[in-house]
Protein chains: 2
Amino acid sequence: MIPMALLSVDPFAHTLMVLAFAWVVAKLAGELFQRLKLPVVAGELAAGVALAALHRKLPWIPDLAASEGAGVLANLGVVVLMFAVGLESTVPQMVRVGMPSLRVALIGVAAPMAMGLAGAWLLLPSGTPFTVDLFIGACMCATSIGISAQVLREQGASDSLEGRVIVGAAVIDDVLGLLVLTLVSGLVAASGAGGPLPLGPLARTLGLALGFLALALTAGRTLTPRLFALANRLRSESLLLPLGLAFAFLLAWLGNLAGLATIVGAYAAGLILEPAHLVDLEHRERHSLEELIHPLVAVLSPLFFLLMGAKVDPAALFTPATLGFAAVLAGLGLAGKWVAGYGAGNGLRSSVVGWGMVPRGEVGLIFVAAGAQLELGGQPLLSTSTQAGVVGALLLTTIIGPVGLGRALRKGR
Amino acid sequence: MIPMALLSVDPFAHTLMVLAFAWVVAKLAGELFQRLKLPVVAGELAAGVALAALHRKLPWIPDLAASEGAGVLANLGVVVLMFAVGLESTVPQMVRVGMPSLRVALIGVAAPMAMGLAGAWLLLPSGTPFTVDLFIGACMCATSIGISAQVLREQGASDSLEGRVIVGAAVIDDVLGLLVLTLVSGLVAASGAGGPLPLGPLARTLGLALGFLALALTAGRTLTPRLFALANRLRSESLLLPLGLAFAFLLAWLGNLAGLATIVGAYAAGLILEPAHLVDLEHRERHSLEELIHPLVAVLSPLFFLLMGAKVDPAALFTPATLGFAAVLAGLGLAGKWVAGYGAGNGLRSSVVGWGMVPRGEVGLIFVAAGAQLELGGQPLLSTSTQAGVVGALLLTTIIGPVGLGRALRKGR
């Protein structure tokens, strides 16, 4: 009779409840893991997986993965996190770790890919096309930097040499991963249709991505001080954080247009922005940009890790054969990244760098999603069980990675 | 051939671009209005209206109202803002302004409703059912507290007596508005069907809303110190802000279940939480909750005001007849709220209080939306042009309100 529903039930109220629930769970899980001397991030990831599994049995537990609002904040969380990580370093500091980062990235793509390929070739039924093994190998070469970045922050090691090499290698990895995916997808299409390798698209992909990074780190650095000097002429209050974020999000968007992950653009924005550019605004607002961004990271990033865990489909994963395949693949992928740590070279703790490269997270999942769309002779390239196994392997590296990195960092003290 | 799109185009990248654009526009509009000695909020509202109108002509201008991500952050923005406003006062302080607030709220519902009703009765074609005039009057009694709260913050008057009376009256207004809407909707249904007045639902609505507020402000105040003492036993870092927000969002959700707007619950949460409850956590994290929440408000609340403006449909509004009707209604609605300011009584600046109650914003729009669903004898209660006129009146009060409040606050100095 009366449209009370319109006035009383705000659809956004449910989002608020989900967020409140998510923060409490994230903090409790983080506490548990911290007391077990494990990284907080690993606790948040595990809590996400557990919640998703529980939601299937107890539907009154909120479905985090289905909440639009939580999804938006989680996506924002990893972008803001990588911007904050970028703010902790400068371009010259990153150039100094350029060579070790490049070596780590190259080995960290080649070794896990070779080992993943070998593992798939040995474990999958004979007669499986070579391109399937190759694609599984490609999925193993991804690096999800958000997780390691958070562990490095937790342990106060973001601005250590190892920390910089890890982040630098992960950025290069993003470009290499783009290339590998283009190449392997091209190979699959070519082996199906008998056509030539797509060298044109390959060169274009590489050129765009490298061009964006080069332009951002050179022209960007020249323009940025002028941009923020202009902003300083505004009289309004609270300019620093909204305009700083606007700058980061703009670069994230532009980088994505050039084929890079949004987090790479946001990280580049953080690298470019240096305290010297902001000194007037920071003086006016009596806080540095890093101080202002900290509460945002504290609120948003737990949602990202919780939701990354919650997006796992436990039903597809928990069969003995799939779990076994996943465990072997994860072990091989882990070994490959661990070997890459030695690429860091003189004086750097290779185990820290290696463990930092282990988590595959959402980057590996993007590879799998791309593979799920590929066909070979009218059949999907990856069978459902193969796909579940690869996802399981990615998940294992994502949970084990922060644990290993946390241990390696503590050992060095 | 290659599913590049999957890897390269992150659907969230567009959201990042929209947000970057929104912050830059909000800051520029705020700057312009500040230089014109007008409130920043009014600039953000006007920029939102302008952007929505421009988007119709120049489709490359991002459509803020259509962005899911911006919508989530905007909704969050007003909830976080009202939580922050609540933090600036305590329950005893609000009890002290209880009587003036109640007087202001009661006059602020009765006077605009009577004047809106009279205006509609005079301006609408004869033969218009009385319930239509009554409903239009009801739409005029709403108060959107977010806007005045932000102006009060801008001018450093949130913790003035007038500021507290305004917020207190707005909270009472939310309960009264709920009642008025239930009553008027019931009258429409009763006059259509010839049935009795819905006294049962009316009593239930009032009981639930008052019950929630009473429980939150009494039991809530006893439980909260214990809750945060528990939280203090956790060893994790960055607990204060996520758990503080979780508390606010939980109360917003519960309040909404009891029929109140989410912002009322969030405001109640802020009132309940007192520095004494948080002293241990604030000491550990070396920041107060108010300091930590400030960057969030700075980032989120401009999005709320920008989007409130962007949701206006200029096409429905800009006809001479509609504009005239809207202007008269707005003037009457404004006068009604302005009269209510005198309810504040001894020693308080009635013009400040009156202007603070003027903006109708989204609360009025919820009334209109409820009215749009009502039918009278098989016809919609409000015709399209009547509805556009009421929306126009609400919009006018929403833009003029902060301007008047800003002036009134400055005059008092």
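The dialogue below works through a predicted model of two chains, A and B.

Trainee: What makes the relation of chain B to chain A that of a two-fold axis?

Mentor: Look at the superposition. A rotation of 180° brings chain B onto chain A, with 0.0 Å of shift along the axis and an RMSD of 0.1 Å. That is the relation of a two-fold axis.

Trainee: Which C-alpha of chain B is nearest the axis?

Mentor: That of B:L296, 3.3 Å from the axis.

Trainee: How do you know that the copies meet through the same surface?

Mentor: Compare the interface residues. Of those in chain B, 100% are also interface residues in chain A, so the copies meet through the same surface.

Trainee: How many residues are in contact, and which element gives the largest share on the side of chain B?

Mentor: 64 residues of chain B are in contact with 64 residues of chain A. Helix 2 of chain B gives the largest share of its side, 12 residues. Other contributors of two or more residues include helix 9 (161-193) and helix 14 of chain B. By class, that side has 45 nonpolar, 14 polar and five charged residues.

Trainee: Why are helix 2 and helix 14 of chain B called roughly perpendicular?

Mentor: Start with the angle. Helix 2 (residues 11-35) and helix 14 (residues 289-310) of chain B pack at about 85°, with axes 10 Å apart. The range for roughly perpendicular is 65 to 115 degrees. The angle falls in that range, so the label applies to helix 2 and helix 14 of chain B.

Trainee: Which residues make that contact?

Mentor: Helix 2 of chain B brings B:A22, B:W23, B:V25 and B:A26, and helix 14 of chain B brings B:P302, B:L303 and B:L306. They divide into seven nonpolar, no polar and no charged.

Trainee: What makes helix 12 of chain B largely enclosed?

Mentor: Count its buried residues. In helix 12 (residues 262-272) of chain B, 11 of the 11 are buried, so the helix is largely enclosed by the rest of the structure. Among them are B:T262, B:G265, B:Y267 and B:I272.

Trainee: Why does B:I166 count as buried?

Mentor: The cut-off is 20 or more other C-beta atoms within 10 Å. B:I166 has 32, so the residue counts as buried. B:I166 belongs to helix 9 of chain B. Beyond its neighbours within four places in sequence, B:I166 is in contact with B:S148, B:V353, B:G356 and B:M357.

Trainee: Is B:R286 buried or exposed, and how do you know?

Mentor: Exposed means 12 or fewer neighbours. B:R286 has 7 inside 10 Å, so the residue counts as exposed. B:R286 sits in the loop between helix 13 (275-285) and helix 14 of chain B. Its phi is near 55°, a positive value in a residue other than glycine.

Trainee: Why is B:S238 called partly exposed?

Mentor: B:S238 has 19 other C-beta atoms within 10 Å. Buried needs 20 or more, and exposed needs 12 or fewer. The count lies in between, so B:S238 is partly exposed. B:S238 lies in the loop between helix 10 (199-232) and helix 11 of chain B. Here phi is near 50°, again positive in a residue other than glycine.

Technical notes
Residues are numbered from 1 along each chain as its sequence is written. Chains are lettered from A and ligands numbered from 1 in the order in which they are written. This is a predicted model: local features need pLDDT of at least 70, side-chain atom pairs count only at pLDDT 80 or more; totals for chains, interfaces and linings use all residues. Copies are superposed by least squares on the C-alpha atoms of residues with pLDDT of at least 70 in both. Two residues are in contact if their C-beta atoms, placed from the backbone, lie within 7 Å. Axes are lines fitted to C-alpha atoms, for helices over the stretch in contact, and angles run from 0 to 180 degrees between N-to-C directions. Helices (H or I, at least four residues) and strands (E, at least two) are DSSP runs, numbered from the N terminus. Angles under 35 degrees count as roughly parallel, over 145 as roughly antiparallel, 65 to 115 as roughly perpendicular and the rest as oblique. Ala, Val, Leu, Ile, Met, Phe, Trp, Tyr, Cys and Pro count as nonpolar, Asp, Glu, Lys and Arg as charged, and the others, Gly among them, as polar.
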